[in-house]
Amino acid sequence: MDEEKEWETLITASLSDLLKEGDFYAEIPETPVVTHRLMVPPGLSGEVIWSASNGRYKLNDSILKIRDKDGREHPLTLCQRWPIKTPRPASKRLPLSRPLITGQRILDTLYPIAKGGAAAVPGGFGTGKTVTQHQLAKWCDADIIIYVGCGERGNEMTQALAEFSQITDPRTGRPLTDRTVLIANTSNMPVAAREASIYTGITIAEYYRDMGYHTALMADSTSRWAEALREISGRLEEMPAEEGFPAYLPSRLSEFYERAGSFKNLNGSEGSITVIGAVSPQGADFSEPVTQNTKRFTRCFWALDKALAYARHYPAINWTDSYSEYFGDLADWYRKEVGNDFVHCRNEIHTLLVEEKRLMEIVKLIGADVLPDDQKLIIETARVIRVGFLQQNATDPTDTYVPLIKQLKMMRCILRLHNGSAELISNKVPLSKITALGLFDRLTSMKYDVPNDNQEILDTYLTQIDKELAALKKTV
Amino acid sequence: MIYEYAGLSQIAGPLVVLEDVRDPSFEETAVIKVNDGTERHGRIIKIDGNSVTLQIFEGTRGISTNNTLTSFTGKPMDLPLSPEIIGRIFNGLGNPIDGMGAVFPLCRRDINGAPINPVRRVYPRNYIKTGISSIDSLATLIRGQKLPIFSGSGMKHNELAAQIVRQASVTDDGNFAVVFAAMGVKNDVADYFRRSFEESNVMNKVVMFLNLSNDPIIERIITPRCALTAAEYLAYDLGMNVLVVLTDMTSYAEALREFSSSKGEIPGRKGFPGYLYSDLASIYERAGIIEGSKGSVTQIPILTMPNDDITHPIPDLTGYITEGQIVLDRSLDSTGIYPPVSILPSLSRLMKDGIGAEYTREDHSALANQLFSSYAKVQDAKALASVIGEDELSPDDKMILAFGREFEKHFLNQGYTENRSIEDTLNLGWDLLSMLPRRLLDRVDGETLNKYHKENKENQTS
């Protein structure tokens with residue numbers, strides 16, 4: 001930080017106020033969207049005995065003095081220091097009940113993460129870890145984004161810098177950089193700094209959480225951090241455990257991920273930290289120690305799949321290996337805030353995908369032609385789900401962010417077509433006649449055809465599906 | 001005052017230990033005079049109290065514990081640089097071996113370089129036309145990128161690299177240079193590159209650093225760093241567009257392993273040191289463009305995957321650092337297709353921002369997506385055909401299979417000297433996709449299809 005820069009400071013505490021640890025005493029408009037609230041450092045409390053007037057101050061200027069119960073005086077400045085490996089205290093943990101909305105269909109609908117949760121994104125090289133992390137950093141509905149580039153490519157950080165300053169945050173209308181902290185440790189920078197970068201990130205996240213913000217931390221990639229641990233441990237000649245990693249790898253990982261959560265802060269405000277850690281397993285082998293141990297301490301697992309990435313199905317999140325333990329906790333929120341049938345639709349979509357996987361095993365052996373029509377229909381619907389729903393184009397202006405309500409309406413359309421067709425097939429209408437209507441193809445491209453701000457079009461899709469299927473029923 | 005230390009206390013492989021050295025500094029270089037009249041060079045890699053461990057670049061053969069005089073230079077290893085290095089040939093340590101005498105240095109640079117602050121970088125966007133369809137359309141090379149070729153012994157990676165150098169459009173405006181670093185390759189390979197540079201009349205633009213397979217391994221660890229220091233000088237001081245070819249990174253990593261085990265370090269996967277990732281990154285990350293400089297450093301490292309295994313630590317870690325990869329495939333190679341680029345695992349991460357209407361053509365991205373997706377289906381159809389036979393396939397699968405064959409024969413396959421323009425490549429892609437009916441093309445929007453897809457009656461009936 002530039003120690004010479006002056007900040008416009010508004011002092012909110014007044015003389016003879018009694019301040020506890022964590023209480024706010026001044027405000028600084030850090031960027032147009034973020035108000036930086038200055039807090040009494042943890043472990044300190046007392047009576048205000050002097051305060052400066054509002055005005056412009058430098059980082060290390062004292063603007064307030066408090067006297068603690070032992071009569072000692074403590075000057076407070078515009079900054080505070082905190083050891084990065086110690087979690088900042090909060091008064092209590094709150095249950096996780098709200099999702100972090102990302103605008104990415106497969107994440108929001110199938111495998112959502114709660115505000116205050118922790119997720120792992122493992123994947124071999126080229127499977128889109130960084131693109132996924134960038135998408136989350138761009139679109140998720142947290143107040144503050146901390147992006148830790150830990151041992152990754154220099155050009156990627158440059159890209160993030162350039163892109164984030166160009167994209168405007170849909171909620172505030174300001175560039176994304178106004179709410180983002182980037183921590184860059186590229187792969188050719190010192191290893192010791194890489195080990196620290198993750199902790200620096202989470203400490204900054206905790207600091208903003210204490211101000212009452214919802215923060216999200218993206219760490220790309222925690223494997224590089226684990227390798228830094230291994231390298232340092234090797235140089236210290238410690239006894240190695242699995243694959244040369246030190247035996248304390250699991251405890252370090254759990255310490256880090258446990259700093260995520262939804263909290264009631266010391267000053268009574270509420271804030272959360274969501275942690276999304278990318279993992280780069282060696283040889284894309286998920287059985288290696290970093291992936292396995294990360295799985296133990298995160299409740300959301302978004303497995304990136306090489307085969308999907310090779311077919312350029314992005315985001316290449318495998319829908320059968322991934323899971324989210326948060327969905328149950330969040331179901332009530334979805335029912336209340338999005339739609340009563342959301343959970344039902346989501347489960348049906350998920351069942352169809354699982355069913356398709358089972359059928360594809362058969363198809364791989366004997367070909368699709370021999371399946372009966374009702375099973376062919378599952379494959380056809382699953383294709384629409386995969387291509388029209390799960391696949392999402394990060395470079396397309398409409399498709400890059402999709403509001404929850406549109407996600408729900410898309411699901412409704414797909415399921416209406418599926419159930420309608422299933423009924424026709426049970427009445428001996430051949431599937432080929434149904435596909436000839438072109439409805440499946442229309443649903444595949446609805447993500448591009450329907451603009452985000454005019455989702456009512458999707459309701460007309462529903463009536464159209466009903467109409468065309470009914471017409472077909474009459475002719476047969 | 002310069003001290004000379006007589007004798008050594010210990011010799012282990014390429015490492016020697018000296019006691020009672022006054023004020024040594026890490027990475028400082030040293031000159032060792034042996035009493036047979038030769039002079040060797042070393043670098044401090046460990047300081048323990050007054051005892052200092054040196055690595056000897058030329059090897060320790062013929063050295064005994066009492067026939068040497070060692071003096072320290074007081075500075076880390078650096079490379080003498082001036083515009084005259086262009087057209088010269090050096091050994092792996094940066095000493096000229098073409099018999100044309102020493103370089104008169106305008107400046108000396110630490111060979112380890114310094115990491116570039118991401119804020120000072122310029123995000124690479126300018127695409128480099130290589131004239132090779134599979135690369136230009138599907139894994140586009142961007143100026144300032146690091147794009148390795150993953151190959152295997154016996155495949156045509158050298159030919160491919162030479163063709164890229166020859167046809168790369170960075171060579172258009174004359175203000176370019178090629179830095180070629182050979183690490184542990186056979187003399188014939190180095191010679192092949194020299195000849196191909198001569199044939200394409202670029203030899204006077206090439207700086208070569210040669211560490212052949214029988215040269216010392218310690219020198220091999222220095223070679224890419226010397227080459228990149230020279231490249232950075234040409235790019236950022238002289239404003240040239242530099243293409244760096246590094247071959248073979250596998251030999252480099254193996255040299256690092258040999259060196260690490262002689263230092264007694266704890267080995268990681270497959271015996272490679274735990275810091276292999278950081279070490280490779282310190283090489284690959286030296287590609288890029290810096291704000292305020294006209295030049296760029298583009299890297300094409302070549303590595304041979306041991307046993308064609310892409311999960312081996314060397315290709316694996318490389319893939320995590322570089323911005324994509326071009327993977328060669330042995331089954332394509334054995335059917336005589338050149339270049340045998342396996343497009344599904346190949347990728348260029350910077351491609352998405354360097355193509356499109358501004359740079360290549362507006363349909364490029366859609367076409368590439370569709371080709372990838374359709375070719376992935378070809379693999380599924382092939383797998384199915386090998387189980388139930390081609391005759392039993394559905395008509396769609398048969399069409400896809402036919403598309404796959406034509407794609408390999410006409411799109412991937414091209415001559416050693418065939419230089420296709422981007423227009424030709426993209427049109428060829430659409431010609432091939434036109435073999436498939438529109439309903440099988442789900443990655444392209446209707447408008448683009450109307451413009452480029454040439455569906456005719458013949459295809460509809462087949």
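Predicted model: local features only at pLDDT ≥ 70, side-chain atom pairs only at ≥ 80, totals over all residues.
Strand 13 of chain B, residues 149-151, runs parallel to strand 18 of chain B, and 2 bridges join the two.

Now, are the faces of strand 18 of chain B covered or open? In a regular strand, the side chains alternate between the two faces of the sheet. In strand 18 of chain B, which spans residues 324-327, B:Gly324 and B:Ile326 lie on one side, B:Gln325 and B:Val327 lie on the other, and all of them are buried, so that both faces are covered.

Let me turn to the largest nonpolar core, which has 239 residues, and where the residues with the most contacts inside it include A:Leu217 and B:Val179. Helix 4 of chain B, residues 217-237, gives the most to this core, with 13 residues. If we leave aside neighbours within four places in sequence, B:Val179 is in contact with B:Val207, B:Ala227, B:Ala230, B:Ala231, B:Val242 and B:Val244.

Finally, where the chains meet, 44 residues of chain B are in contact with 42 residues of chain A. On the chain B side, helix 6, helix 7 and helix 10 each give two or more residues, and the largest share, 7 residues, comes from helix 10 of chain B. By class, that side has 23 nonpolar, 10 polar and 11 charged residues.

Notes: Residues numbered from 1 in each chain as written. Chains lettered and ligands numbered in written order. Buried ≥ 20, exposed ≤ 12 C-beta atoms within 10 Å, placed from the backbone. Helix = DSSP H or I, 4+ residues; strand = E, 2+ residues; numbered from the N terminus. Pairing = 2+ DSSP bridges. Contact = placed C-beta atoms within 7 Å. Nonpolar A, V, L, I, M, F, W, Y, C, P; charged D, E, K, R; others polar. Core = buried A, V, L, I, M, F, W, Y, C linked by C-beta atoms within 7 Å.
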